[in-house]
Amino acid sequence: MKESIITLTTDFGASGPYAGAMKGVMLGINPGASLVDITHEVPQGDILHGAVVLAAAARYFPRKTIHLAVVDPGVGTKRKPILIETENYVFVGPDNGLLVPAAEADRIRRVVALSNSRYFLPEISPTFHGRDIFGPVAAHLSLGAGPSSFGEPLERYVTPEMPGPTVKDGHIFGEVLYVDTFGNLITNISRLDISTSLPGAAPEDLEVSIKGAYISGLVDTYGVSRSGLTTALFGSTGALEIAVTNGSAAKALGAAPGEHVTVRRAAEGGRR
Amino acid sequence: MKESIITLTTDFGASGPYAGAMKGVMLGINPGASLVDITHEVPQGDILHGAVVLAAAARYFPRKTIHLAVVDPGVGTKRKPILIETENYVFVGPDNGLLVPAAEADRIRRVVALSNSRYFLPEISPTFHGRDIFGPVAAHLSLGAGPSSFGEPLERYVTPEMPGPTVKDGHIFGEVLYVDTFGNLITNISRLDISTSLPGAAPEDLEVSIKGAYISGLVDTYGVSRSGLTTALFGSTGALEIAVTNGSAAKALGAAPGEHVTVRRAAEGGRR
Amino acid sequence: MKESIITLTTDFGASGPYAGAMKGVMLGINPGASLVDITHEVPQGDILHGAVVLAAAARYFPRKTIHLAVVDPGVGTKRKPILIETENYVFVGPDNGLLVPAAEADRIRRVVALSNSRYFLPEISPTFHGRDIFGPVAAHLSLGAGPSSFGEPLERYVTPEMPGPTVKDGHIFGEVLYVDTFGNLITNISRLDISTSLPGAAPEDLEVSIKGAYISGLVDTYGVSRSGLTTALFGSTGALEIAVTNGSAAKALGAAPGEHVTVRRAAEGGRR
């Protein structure tokens, strides 16, 4: 088990001691664990952003990877610490929805409420469960402890408010889920949503609208249009994205998570 | 020795080549070293901030960890490169106070001035001792070289100007030491300072004041108050913190390191 | 081959899932690879900045290190994915000049266009070759696959527009190549350029001018002047730098990459 991979996704920020302290605790329990940062720069307390990032990255790791995620504004309150065992992975973190999209994508087998304090640090601070509970549990999992040894199964767990797109009269109504580091607007509309709701529509037949801007036709990738042009495309996770060639769509359009996005057949609108 | 852990705490910033170059040198000397970033985002040249972060994270690492820290505005001047051997660790870095709080917390055994150039890179740049001196020394330590092989014991070393709280007439006068990535204001007043100076005072009996704001009673953790409310609590390192629920106390109060903080028994003031 | 080092230099940013996804793919192929972040904070799409950072860091890694770099605004367009084998290393990334300065500094042996899809992910997104092509190729290289197994030799590859200094009438005309995280202005004028073009000139005899400011004489390191003073010195890579003691030269002078810098003998100008 020495080469066990544990990934870390947190909102601890890069400049403080928190990620370091958590890593120290984990290496104290399993010095052979291979700690891989996904990010410590989730916007603070932004559970949805953390959930999207974790879901986009987790699936690419090898079987038996342990995914530890801590975006935990409710630390020390009644929200439970949990683990979720899935087909290939174990996820560890707070019961606030953070782990669920990534776990569901890998099929959930069971959810366990972490209650066996034998696997925690001896003293639990009410403000830093990453260091005192989640980190130690992840490290003990990497040493081979089975999920059921950490506590009782949990029947009901918190699912995130992750809005899905709706469809009406040949229009798909979605929204921006997440702005990536390039300023690309990642929406909640997938390639599958479009092929299901607008069957037979080729990428060049689609019209995407956001904030009063209309984008005719999808492109394949970022660099194919003139610099500064707003484009739409399917990104690397299969979601519809709005991008600006060599620029930031978030800045150019003044758009943020929650912004409405509509997709329809261009021909139907007659606007082109 | 292959699994030796070396932690890194610097102000090199994430976007440049400096941390990478230092890691390359270390892996050239000990390819089996396990390099763990605490942070490379200490505010530039801010020795006190670096010292606080290192002290908060270092103690959670397993025995025999080597802690390398470089916040070194005096690089290439007369300040000495040193190592400090403590009960469980070896600290390596500049003699400017950076290492001392973390080292003192683990009991200092000896301080050595790094002078044996056998353990340095062949050519020493006057501007980058992290790469040319500190990194190589840490890597050689991780291969098993004893502290005394790096130079002569140093009797006097620089201690940081780390202000402690003062007590007068039932008031504890302290200050903000550090603002963490959540905007929490971490003070230099510890749980112990309060129990010593205000014996028998329960958390709910305390009044904390900062910048004209009065906070009555301490809470247990961040998420228990209404959003936007300013609270005081003992943070994960045992220090008194000022926090704003789901917000940034630094922004809300316009407070920075050095800001005065006072603690007293609420009853005594009669202000409530 | 288990302990193979793969360095990562990208513009993916720290807050998103992209670096994590790429690491996951690589660890899936070679769980024993040792992944070392140089940086994920290259300014987005800034190939020249990425090239300078990679060249400054890569050379310090041990022989057989694989350097993976992805700053790739042309992803999915006609630009080729390549690897460059050098004396000590293999570089993997897009054919846009990013890899060339670092590779040239280590002597290029051959350049190969990556075409053998056996070493790619089964499905190639047009927007994320770091995850789908470059990462997998680097991981397979770390398992021992030879450079020639990835595709055919490439005779012509893109070289970056990396301006060199020019010399006229005893003046060296250069420019700022890069602003480091301390705000130091790193120029394209090397120690060698100066000793060649102004033979016999001692550091104290040189005059450096930038944006109307004249700096008389070079110093050895950052911390030797009064706080706030603008100085010039040879930095840790041998390039002429403009720095402000305990401050940021970029801010103080309002200077950015591309800013003109002139060096001459101070005596010749008679301006002192």
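On the chain B side, B:S15, B:Y18 and B:T127 supply 24% of the area buried against chain C, more than any other three residues. The structure described here is a predicted model. The contact draws 28 residues from chain B and 29 residues from chain C.

Helix 1 (residues 18-29) of chain B gives the most to the side of chain B that touches chain C, contributing eight residues. By residue class, that side of chain B divides into 13 nonpolar, 11 polar and four charged residues.

Attention now turns to the fold of chain C. Here six strands form an open sheet with mixed pairing, in the order 2-1-3-5-4-6. Strand 2 (34-39) and strand 6 (108-113) of chain C are the edge strands, each pairing on one side only. From one strand to the next, the twist averages 20°. Within the sheet, strand 1 (residues 5-10) and strand 3 (residues 66-70) of chain C run parallel and are joined by five bridges; C:I6 has C:I66 of strand 3 as its bridge partner. Helix 1 (residues 18-29) of chain C lies across strand 1, strand 2 and strand 3 of chain C, and runs at about 160° to strand 1.

Strand 7 (residues 166-168) of chain B is joined to strand 8 by three bridges in the antiparallel sense, and B:V167 stands opposite B:I172 of strand 8. The hairpin of these two strands has two residues between them, and B:D169 takes a positive phi near 50° there. Strand 8 of chain B also pairs with strand 14 (residues 260-265) of chain B, antiparallel and over four bridges; in this pairing B:I172 has B:V263 as its bridge partner.

Strand 9 (residues 185-190) of chain B is likewise antiparallel to strand 8 of chain B, with three bridges joining them. B:V176 is partnered by B:T187 of strand 9. Five residues lie between the strands in the hairpin of strand 8 and strand 9 of chain B, where B:G183 takes a positive phi near 85°.

Technical notes. Residues numbered from 1 in each chain as written. Chains lettered and ligands numbered in written order. Predicted model: local features only at pLDDT ≥ 70, side-chain atom pairs only at ≥ 80, totals over all residues. Heavy atoms only, no water. Contact = heavy atoms within 4.5 Å. Buried area = accessible area lost by both parts, 1.4 Å probe. Nonpolar A, V, L, I, M, F, W, Y, C, P; charged D, E, K, R; others polar. Pairing = 2+ DSSP bridges. Axes fitted to C-alpha atoms, helices over the stretch in contact; angles between N-to-C directions.
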